[in-house]
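Keep the 3D view open as you read.

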Amino acid sequence: MHPAAFAYSAPGTLDEALRSLHELGDDGRVLAGGQSLIPMMKLRLAEPGHLVDINGIAELAGVHAEDGYLRIGALARHADVAASPVVRAANPTVWTAAQWVADPLVRNRGTVCGSVAHCDPEGDWNSVMLAVGATVVARSAGGGERLIPHREFVVDYFTNALETGEMVTEIRVPSSTGPAGGTYLKLERKVGDYATVGVAVHLVLALDGRIGRAGIALTAVSPRNLAVPEAEQLLVGAEPGPELFAQAADVAARSCSPDSDVRGPADYKRAVVAAYTRRALDAALAQARAAA
Amino acid sequence: MQITVTVNGVQHAHDVEPRTLLVDHLRTGLGLTGTHIGCDTTSCGACTVLLDGRPVKSCTVFAVQADGRQVRTVEGLKGPDGLHPVQAAFKEHHGLQCGFCTSGMMLVGAALLAENPDPDEDEVRWALSGNLCRCTGYVNIVKAVRAAGATLRGEATTDPAAGDDVNAGESAVPGTPAATPVPVAGD
């Protein structure tokens, strides 16, 4: 299979890339890992006129913990994040999810920022970023950084909040303000498959041992990655425990709207959401208490 | 567009269309047909090559993205002294049947051993989990990669502990989140 013809450039600096994207307008598209874009181009679901390949822009690489954030650059591959002791120490939800994305070869190419920008409702990363309360950093020619709260970034199915000529340069995950824990649980039929169900959870404990912050988000059970604010509100300020977690899990299961498909019937997926939410909350609490 | 790619240590300059996939450039442009096209949808790993040492699916990389970079294909595994230990081990342990997935399996195995010279079975299965084999049930592939590791470490090439039990590969993968369902059938 071959994509439709396109023009290609590989700028060496971010400024040059942003200038190209500005000039190209709707014709331009950023190529980072390409692990979703290239398959879509081969199937002719995407036919960009010009690809701006950012792989040679060194300043976009890497993952750093600084200024109160875990900063994931636009060229940080899933494999980089999965192997990063910095990520593991900074945010267990992000680190766990990185192990589950795609397969090892795709992880060597695909990027976290690219996956977030792609907004595939069955992708794992947007649930993670919803749960941890991330911020997306966008840049455009002549402009500074535009900080987009992740909860406003995913607009819809395959639709993000970027303006024409803008690109994602970084995702910032805030450092936890207290003892924290979290995980990403994913049910998949085989390695590399989309999730049947995915659940991202992140908890931060307050000084008195109550829950200070809670993030819960679901993959593949809604037309887009779904945060569950009702469950989060139920948790915040409360004393953590099995009964509370069972209630939150029940709220999560009732908030989603899974379809019956080859990966399983809707009722089954809903039951998995409840079970995984409960298990993820238990795991997050145990981690947070160990860190306290 | 003019590109120069170092393939198996040799520089090749070519004029390619931006939409040319790396796998097509290798097979058609350079005549290196050891890299296979299987699913053509980023699933099977038959087209695996090493790009700057990391295994990638060459059906999902444009040839222009390899400009100025190092590519290693199965044709480049063999050294001056003959077969690469991974190749020798696949032969010795019958790590293939039809052979279609084999170049990808061997390149992933070689890349894994370059990073981790003594992987346990779970680590081998984890590393190979993006590569599909529809013949063997994976048991002898895993055995071959581990045996190649022993060779590279200068140990005996046959691991008596591995024995002849082709079903020896059954195990869960503790601590590894996305365990590949372990096939039950032997070869």
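A residue is called buried if 20 or more other C-beta atoms lie within 10 Å of its own C-beta. By that count, 54% of the 292 residues of chain A are buried. Bear in mind that this is a predicted model.

Start with the overall build. Chain A holds twelve helices and 14 strands. Its radius of gyration is 19 Å, and the globule rule for 292 residues also gives 19 Å, so chain A is as compact as a globular protein of that length. The C-alpha trace spans about 60 × 45 × 30 Å along its principal axes.

Contacts tell how the chain folds back on itself. Take the contacts in chain A between residues at least 6 apart in sequence. Of these, 66% join residues at least 24 apart.

Now turn to one sheet. Strands of a sheet pair through backbone hydrogen bonds, and the pairing is either parallel or antiparallel. Here, three strands of chain A form an open sheet with parallel pairing, in the order 1-3-2. Strand 1 (7-9) and strand 2 (28-31) are the edge strands, each pairing on one side only. On average, neighbouring strands of this sheet are turned by 25 degrees against each other, direction ignored.

Strand 2 and strand 3 (residues 50-53) of chain A run parallel and are joined by four bridges. Gly28(A) stands opposite His50(A), which belongs to strand 3.

Helix 1 (residues 14-24) of chain A lies across strand 1, strand 2 and strand 3. Helix 1 runs at about 165 degrees to strand 3 of chain A.

Definitions and conventions: Residues are numbered from 1 along each chain as its sequence is written. Chains are lettered from A and ligands numbered from 1 in the order in which they are written. This is a predicted model: local features need pLDDT of at least 70, side-chain atom pairs count only at pLDDT 80 or more; totals for chains, interfaces and linings use all residues. Helices (H or I, at least four residues) and strands (E, at least two) are DSSP runs, numbered from the N terminus. The radius of gyration is taken over C-alpha atoms; the globule rule is 2.2 Å times the number of residues to the power 0.38. A residue is buried if 20 or more other C-beta atoms lie within 10 Å of its own, exposed if 12 or fewer, and partly exposed in between; C-beta atoms are placed from the backbone. Two residues are in contact if their C-beta atoms, placed from the backbone, lie within 7 Å. Two strands pair if DSSP finds at least two bridges between them. Axes are lines fitted to C-alpha atoms, for helices over the stretch in contact, and angles run from 0 to 180 degrees between N-to-C directions.
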